[in-house]
Protein chains: 2
Amino acid sequence: MQAEVVTIGTELLLGDIVDTNASWIARQLSWLGLNLFYTHTVGDNPARIAEVLRTCLGRSEVVITTGGLGPTVDDWTREAAAAACDAELELDQDLLSEIDAFFTQRGLVMTANNIKQAMIPRGALVLRNPVGTAPCFAIERNGHLLVSLPGVPFEMKYLMQNTVLPMLRERFGLHEVIKSRVLRTCCIGESALADLITDLMTSDNPTVGTAAHAGQTDVRITAKADDPALADRLIAPVEVRLRERIGDWVFGTDQETLPLVLQRLLGERGLSLATCEIPSKGRLSSWLLEAQEDTGSLVGSLVLVPPFQAHMRDGMALDLTLSSSQAECDAAALAVRAWFGADLGLAVTGSQTPAGEEPSMLYMAVATADGVVQGIPRRSRSGGTAAGWLLHYAGDLLRRYLLGLPQV
Amino acid sequence: MQAEVVTIGTELLLGDIVDTNASWIARQLSWLGLNLFYTHTVGDNPARIAEVLRTCLGRSEVVITTGGLGPTVDDWTREAAAAACDAELELDQDLLSEIDAFFTQRGLVMTANNIKQAMIPRGALVLRNPVGTAPCFAIERNGHLLVSLPGVPFEMKYLMQNTVLPMLRERFGLHEVIKSRVLRTCCIGESALADLITDLMTSDNPTVGTAAHAGQTDVRITAKADDPALADRLIAPVEVRLRERIGDWVFGTDQETLPLVLQRLLGERGLSLATCEIPSKGRLSSWLLEAQEDTGSLVGSLVLVPPFQAHMRDGMALDLTLSSSQAECDAAALAVRAWFGADLGLAVTGSQTPAGEEPSMLYMAVATADGVVQGIPRRSRSGGTAAGWLLHYAGDLLRRYLLGLPQV
């Protein structure tokens, strides 16, 4: 069973707004077990909308449109849907009365524009819209179903959840569900990770795919089944096999982020943390603190900018004059730990570089009361993802220390 | 001249991520004067990608794709583009050497997966991608142009701006220019600002429009003309009239950000700065430092997390036990200034709040050697824009102090 989504509106094509309707509908259809192979966006032009709808109805059992149902001169979805289904537009008297009542209740007068909204393709089923003025409809062509919904996200979602999804479930006897499990890894690139699991990425159900972010690579296991429990049973053995290969790289699952996992690990152990950062400019601090409730573990952070002021107090400056070696980073971790009175100190420093350039080497260290326990230099990534890699390098150093895993 | 955009990736269809590439490209093409009538999203399936590309190339002079150029088994854009253009894929030796060099420089080994990235359709023009590993290409079919770009937004934007847009401008002789001048204001809401300039917002060429961001409102003057100098002459008098109304609110123009302006103002005066922040969690520091070259003015930042450690050294803890009054914020500004030995101290603290809630009052202060010079409390904004408003409140306090403008 195949579905397509068509979002309609010139404002979407001009880039004035980002279309969030398509991805929201996509997720609903995927949970329902409908295959969504395409989405389209088309401007406010009746001929072009009709052309897209004809193509979609020719290959897909369900086509859902959003937008273009309003009262203004650039709303063309009704006309285009009628043309694509070879139907005439006709005035629906019940709809007209409803629209009239809507305005009367609010002390407003219905304009000629609004009468246009009561026109629907002959043979279409009117879908009541209790949360707005744009009437919606569903119409068949050669056994394929076209559903036209408003573009206002709030109205569209209401109609999807209360009318369209139940209708689709019943019409197509859809009991199949699609479930995903995501293993989140960090500090390993997408190709290196894929190399470890290539043979596991060719199965059909569940499928296994990777997605790269800055410093983080996700492995997604997706199963289709007749019920959620069966989908889980398809996913579980694949997750076990994946973890046998990449277990140490996996820091969390599904919606977990590395900062959330670090807060949990620190909290479970009752450990407080202080950080000292140079090349990350305060981002390490805000990254960790975004995941922190008021009972969190990070007690303070020092953001230093070279060259350091000679008269900075308290001995910190003396330990960090250059910050261009692992030994100096170790000293920074110890110093920030002591200064904030925390159980652990985490420091990230960088090599000395010419003006305006990013450091090519990063130094990281975790310090405890016993002295520096783990510190490693890392070659810095370049380009737009460098900042994300730095954060994950630093976070993973701490994660591996807390879990007793080897540093890599 | 008609263009279409095709974004490729099953993750887009599953609704895991919202596609922002299509709308970004849409805006660029609209500035260029190309008509964009359709965009499409298609999953990682070579036959379906090829089908969409064939449809697009059949009716549009320019087709731009993003995504599906990576090294993994679910990256199919190369194959689909070749099929849609009836071309064979072939190994490009130059590309292979480049990819190899990319990995070697980083001390990594190229995997078999990466070799696949050097395959491009025969007859295609390779577009160099200096900011990533995914090679891109442009290929013609019956005089229509297909351009395939990476899905990573950073890489896609770089290639659009540096390669594709100049190529399209030359190929289609697009000479009409659209020029914009943006006046950037902060700490005034969009409707309040629009109220000051309503009568200036109704002209046709140039147009005047506003756009709201978190804590910042832009006023954009846009002119169409046959050459850039003529566009500038249309814009200049409108800018003068706007500045007469909103001059003190304007902190910069065009690509300037408030941190960039602050760095310039501090630099011109030879002043160094230290910051102390609580509710902004390190974001104030990274926001200011993103705009800072190595000769910058910010020398260090202290990010504190309540409740403060009683045994924190050096008297800072004593001054900041509660951080719930303007007087304590003033003390923090003085303390951080002294501790880092800077000319100026900037502090942002917040009122005491129940667990998990944002502070409802923000306190801000600028300190000099003479004592606190300016400190004001601000009611915190709520919702998703609160963080941005906080940064602009703090930055504008410093800007108005440096320029001798009244605080508002």
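**Strands, helices and the A–B contact**

Let me start in chain B, where strand β13, residues 273–277, pairs with β15 in the parallel sense over five bridges. Strands count as paired if DSSP finds at least two bridges between them. Helices (H or I, at least four residues) and strands (E, at least two) are DSSP runs numbered from the N terminus.

This is a predicted model, in which local features need pLDDT of at least 70 and side-chain atom pairs count only at pLDDT 80 or more, while totals for chains, interfaces and linings use all residues. Residues are numbered from 1 along each chain as its sequence is written, and chains are lettered from A and ligands numbered from 1 in the order in which they are written.

Back to β15(B), residues 344–350.

How many residues of β15(B) are buried? Seven of its seven are, buried meaning 20 or more other C-beta atoms within 10 Å of the residue's own, exposed 12 or fewer, and partly exposed in between, with C-beta atoms placed from the backbone. In a regular strand, side chains alternate between the two faces of the sheet. Here B:Leu344, B:Leu346, B:Val348 and B:Gly350 point one way, and B:Gly345, B:Ala347 and B:Thr349 point the other way.

Next, a helix pair. In chain B, α8 (residues 190–197) packs on α9 (residues 228–246) at an angle of about 120°, with the axes 9 Å apart. The axes are lines fitted to C-alpha atoms over the stretch in contact, and angles run from 0 to 180 degrees between N-to-C directions. The angle makes α8(B) oblique to α9(B); under 35 degrees is roughly parallel, over 145 roughly antiparallel, 65 to 115 roughly perpendicular, and the rest oblique. From α8(B), B:Leu193, B:Leu196 and B:Ile197 meet B:Leu242, B:Arg245 and B:Ile246 of α9(B). Contact is defined by C-beta atoms, placed from the backbone, within 7 Å. By class, this helix contact has five nonpolar, no polar and one charged residues. Ala, Val, Leu, Ile, Met, Phe, Trp, Tyr, Cys and Pro count as nonpolar, Asp, Glu, Lys and Arg as charged, and the others, Gly among them, as polar.

Now the contact between the chains. Chain A gives 61 residues and chain B gives 64. Elements of chain A that each supply at least two residues include α2 (21–32), α3 (46–59) and β14 (298–304). The side of chain A that touches chain B has 25 nonpolar, 23 polar and 13 charged residues. Five bridges join β14(A) to β14(B), residues 298–304, and the two strands run antiparallel. One of the pairings puts A:Val303 with B:Ser301.

Last, some backbone details. Most residues other than glycine have a negative phi, and most peptide bonds are trans. The bond from A:Asn205 to A:Pro206 is cis, with omega near 5°, and A:Pro206 is in the loop between α8 and β10 of chain A. In chain B, the bond from B:Asn205 to B:Pro206 is also cis, with omega near 5°.

Two residues of chain A have positive phi: A:Asp86, near 50°, and A:Cys187, near 65°. Is each of them buried or exposed? A:Asp86, in the loop between α4 (77–84) and β4 (89–91), is exposed, with 10 other C-beta atoms within 10 Å. A:Cys187, in the loop between β9 (177–186) and α8, is buried, with 21.

Definitions and conventions: Contact = placed C-beta atoms within 7 Å.
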